[in-house]
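Dear colleague,

I am handing over the structure below for your review. My findings follow it.

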Amino acid sequence: MRQSHLFTKTRKEAPKDEVSKNAQLLIRAGFIHKEMAGVYSYLPLGLRVLENGMRIIREEMNGIGGQEFFMPSLQNPEIWKKTNRWDDDVVDVWFKSELKAGGEVGFAWTHEETITGIMTEYVQSYKDLPLYAYHIQNKFRNEVRAKSGIMRTREFFMKDLYSFSRTEKEHTDFYEKCAAAYMRVFTRAGIGHKTYRTFASGGAFSKFSHEFQTLSDAGEDVIYVNEKKGVAVNEEVLGAADLSELGVTRDELEQRTSIEVGNIFSLGTKFSSALNLTFKDENGNSQPVIMGSYGIGPNRLMGTVAEVLGTAENMVWPKELAPFPVHLISIVGKNPAVASEADRLYDELTESGVDVLYDDRDVRAGEKFADADLIGIPTRVVISEKTIAEGGVEVTNRASGQTQFMPEPALVDYVNAQ
RNA sequence: CGGGGCGUAGUAUACCGGUAGUACGCGUGCUUUGGGAGCAUGUAGACCGGGUUCAAUUCCCGGCGCCCCGACCA
């Protein structure tokens, strides 16, 4: 895409009402726009990143047998009353409204009730199971205090997957598969090296649940990590009995702040019992379905990557999340031949299947470089009078800062190898 | 929800009880052209409501909004 046509505008200064690094960087780089506290719009560059994150998540969820649904934001109170989760005293994050036709609606903050309700209509036999349903959809949570840019907002996407299993073993097997898929998501998003599967208390149905926590000073959670053993726990699991079960002692653990980027949870039969989701087993006996829920917030994932990989001044995107893999910059000066060479290179790269952001704007070189640094596309390609004279292009890896010169024909292979 | 801070052009900021200034941005012209360049010129602003006062952007009260700390986060 030609940058002269791209809806974007970078700025040197961050707005004074944003303190968090992710919001400052993403606003300065023109990725997001704040509407109100805890509510952000995504501009074209930001939307590309968000969609790339969702693409990664979809691929990994499909890879473990997930099937994509799309469930609504508007929620019927009736089903939530059956699980005792409609009352504001029980769930304090509800946004609720009234129908003009009479009656109430809620704005979905999670979807256990909704998906379980669907399943009661479709699941009758052991032959219908197991089932893994997910969707990526808007969640609304009436947070008392939105904070930290896009990390904790009142409206956000969430990928929530729900598993429906016949036996405890079937459930546990999938649970582990999903945990592995989650780690792949975080690795592909560039934060795998800082993300721990963290033991948390399991609630009524299992010994532990798990959170995925990414080490970051910007985090609002505290975890206890042993990097050598690869074990991390949250505060609820600091007791000696739990720790010995996990093979660590308290003094082997280091306290760190972290961002919760995902969680997985065994639900047992809590929802299937309340909503009467049962199946007939091979002997014709009615059994409650065993459920699990598994969440990742793409917006928070994007914010976490900004926090962890961004520098104080500039974004640095991993290839799979970057709005474009390549940022082509032309330095034209007084030589219009450079512009036509750059146009030609842009067309050739595009035809080779490389998605290029081409800075064809009529601005000075310094501004183009500064914007490229801020936007943080992983590969920067410069074409100028100088590079043309030398018969190639200048290629810079944004993450390492290393620059090399290469002939144009080598470029596509180089980009694909990144 | 408890505590604290802050609301001035698109953005960042200054001053002031008496016609609101600077920088960036944006427009125009000329110069410049590998790291947010220069000169000239133009454009654009006091969150809302009430009170005090001859006069309020400034002081007082209320509201609304935003940020931070804590609590909360199924």
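One sheet is open and consists of three strands, arranged in the order S4-S6-S5 with antiparallel pairing. Its edges are formed by strand S4, residues 74-75, and strand S5, residues 95-98. Each of these has a single partner strand, so one side of each lacks a neighbour in the sheet. Strand S6, which covers residues 104-107, pairs with S4 in the antiparallel sense, and two bridges connect them. Across this pairing, Leu74 is placed opposite Phe107 of S6.

Please note that the model is predicted. Chain A contains twelve helices and 21 strands in total. Its C-alpha trace extends over about 80 × 60 × 45 Å along the principal axes. Of the 418 residues in chain A, 43% are buried.

The largest nonpolar core comprises 87 residues, and Leu26, Leu328 and Val381 have the most contacts inside it. Helix H5, spanning residues 168-188, is the element that gives the most to this core, contributing seven residues.

Which residues does Leu26 contact, once its neighbours within four places in sequence are left aside? They are Phe31, Ile32, Gly46, Ile150 and Ala306.

I turn next to the RNA. RNA strand B is surrounded by 39 residues, of which Asp17, Val91, Gly333, Gly366 and Ser384 are the closest. By residue class, the surface near RNA strand B is made up of 17 charged, 15 nonpolar and seven polar residues. Three elements each supply at least two residues of this surface: helix H10 (365-375), strand S19 (379-384) and helix H11 (385-390). Which of the elements gives the most to the surface near RNA strand B? That is H10, with eight residues.

Two of these regions can be read together. Val381, one of the residues with the most contacts inside the largest nonpolar core, has a number within the span of S19, residues 379-384. S19 in turn supplies at least two residues of the surface near RNA strand B.

Yours sincerely

How values were computed. Residues numbered from 1 in each chain as written. Chains lettered and ligands numbered in written order. Predicted model: local features only at pLDDT ≥ 70, side-chain atom pairs only at ≥ 80, totals over all residues. Pairing = 2+ DSSP bridges. Helix = DSSP H or I, 4+ residues; strand = E, 2+ residues; numbered from the N terminus. Buried ≥ 20, exposed ≤ 12 C-beta atoms within 10 Å, placed from the backbone. Near = placed C-beta within 6 Å. Nonpolar A, V, L, I, M, F, W, Y, C, P; charged D, E, K, R; others polar. Core = buried A, V, L, I, M, F, W, Y, C linked by C-beta atoms within 7 Å. Contact = placed C-beta atoms within 7 Å.
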